[in-house]
Amino acid sequence: MTTSKHPETLALHAGWRRDSATNAVAVPIYQTTSYQFDSAEHAANLFGLKELGNIYTRIMNPTQDALEQRLAALEGGVAALGLASGQAASAFCVQNLARAGDNVVASTDLYGGTWNLFANTLKDQGIEVRFVDPENPEAFANATDDKTRVYYAETLPNPKLIPFPIAEVAAIGRKFGIPLVMDNTAAPLLVRPFDHGAAVVMYSTTKYIGGHGTSIGGAVIDGGNFDWEANPARQPAMNTPDPSYHGAVWSQAVKPLGPIAYILKMRVTLLRDLGAAMAPFNAFLFLQGLETLPLRMREHSKNARAVADFLSGRKDVTRVIHPAHHKGWAAERSAQYMPKGQGGLVGFELAGGTEAGRKFINALKLFYHVANIGDARSLAIHPASTTHSQLTESEQASTGVTPGYVRLSIGLEHIDDILGDLSQALDAASR
Ligand code: PLP
């Protein structure tokens, strides 16, 4: 196993050398539901968490395990959990700590699906999510009370594409005993939230980690850097007996296995009970994606930067949204958090509003018109007439979506072809 710290090497070597049964180099797809126990004692040890090992694929699987180890290594965390989707990962990150009557403080700048989950489904479950503007990190402290269990934010939220103040909010949370969970979906490898003090990182692996638009998946990574016992009243889910596991107190029960209490609890309670497991075949595809992730993130960043520069020279574009094109405090955040590259997302505003947005999308020939990001191919969407069409115009405006706003996820095609397609579609939209 590699001892390298370099992502290029870890993406190919961390967590796996060869299959112990066959010497296969590629991680096999362990398409099995269950695993033969060696003996009655072995089975009892596995169920009693005295020993970690395979029981049933809803809670663990060797293909998922290789992916989880590789993700944890790349992120600088201690352990990970693969899940069926990014949505499942977001829900579990909160539900692992917050119960009915508790609350979460979250950034206003979130993916729409996360917003719905937080504002509606978690609310129905009795968990209140308080949304605060991340421009001022102190807003997190101001919204905190005795029942606040989690802080939650996205590293590079769209449409604004302003990096979140991870270090500032993580430090506030640590004073209270509240962990910061970062959704790092849009910036894998470019930002490592644990380096800035976050306690948990989650991904929709559907995006850049898969990288080829083939599979839905999610992952949660435990930084192993949070002291769950420091303030027991703040984190009752980690510090009071869990009746679903013979009264285990999670902050204590798994100490001999390392600082993995948060992620192990999630695996053996939420995943056991709610069943949002990642399919072994999808885990295999995410491993394929990870192998080239360092290369791809560099190319996505390079092409997107070139697109942002190109758009800023067009008369029919009134605004370009890209981390390297911000001004003032937002530019400082980009410089602080994204010096290695600014990712593959670019937003822009067409002078001609909704009508121009529709014409632009219809004129694209190379770009795909899809509700996704992070594919190897270039993608475009006009949120006002699609993803955000159920919102009123003022609700759209509060999420940063204006009538002429277009979101691009820049792919790995040759930059001349990307700019050529944008150029002809912009011309068509102005006619
Ligand atoms: N988080 C972010 C930032 C996303 O963009 C998405 C999906 O678009 C999700 C979470 C949800 O992930 P999934 O679609 O894999 O459930």
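Helices (H or I, at least four residues) and strands (E, at least two) are DSSP runs, and they are numbered from the N terminus. With those labels in hand, welcome to a few close-up views of this predicted model.

View 1. Which residues come within reach of the ligand's oxygen atoms? Glutamine 87 takes part through its backbone, where a polar atom is 2.9 Å from an oxygen atom of the ligand. Serine 204 takes part through its side chain, with an N or O atom lying 2.8 Å from a ligand oxygen. On its own, the ligand has 400 Å² of accessible area, and the protein covers 89% of that.

**View 2. The largest pocket, where the ligand sits.** Stepping back from the ligand, you can see that it sits in the largest pocket. This pocket holds about 1,100 Å³ of space. Its lining counts 42 residues, and those nearest the centre are Leu110, Tyr111, Gly112, Gly113 and Thr114. By class, the pocket lining splits into 16 nonpolar, 19 polar and 7 charged residues.

View 3. Which elements each supply at least two residues of the lining of the largest pocket? They are helix H4 (86-95), helix H5 (112-124), strand E6 (200-204), helix H14 (393-398) and strand E12 (405-409). H5 provides the largest share, 5 residues.

**View 4. A cis peptide bond in a loop.** Here we look at the link between asparagine 158 and proline 159, which is a cis peptide bond with omega of about 15°. Proline 159 belongs to the loop between strand E4 (148-154) and helix H7 (166-176).

**View 5. Leucine 189 and its positive phi.** Another loop, between strand E5 (180-183) and E6, contains leucine 189. Although leucine 189 is not a glycine, its phi is positive, at about 70°. Most residues other than glycine have a negative phi. Leucine 189 returns in the next view, as one of the residues that line the largest cavity.

**View 6. The cavity.** How many cavities of 30 Å³ or more does the structure hold? There is 1. The largest cavity has a volume of about 60 Å³. Lining it are Leu71, Leu74, Glu75, Pro188, Leu189, Tyr203, Ile209, Leu290 and Leu293. These divide into 8 nonpolar residues, no polar ones and 1 charged residue. Helix H3 (62-75) and helix H11 (280-312) each give at least two residues to this lining, and H3 gives the most, with 3 residues.

Note on methods:
Residues numbered from 1 in each chain as written. Predicted model: local features only at pLDDT ≥ 70, side-chain atom pairs only at ≥ 80, totals over all residues. Heavy atoms only, no water. Polar contact = N/O pair within 3.5 Å; in protein donor to acceptor, adjacent residues only side chain to side chain. Areas by Shrake-Rupley, 256 points an atom, 1.4 Å probe, with all protein chains shown as cover. 1 Å grid on protein atoms, 1.4 Å probe; cavity = no way out; pocket = protein on both sides within 12 Å on 5 of 7 lines; lining within 4 Å. Sits in = over half its atoms within 2 Å of the grid points. Points joined across faces, edges and corners; volume = space filled by probe spheres on them. Nonpolar A, V, L, I, M, F, W, Y, C, P; charged D, E, K, R; others polar.
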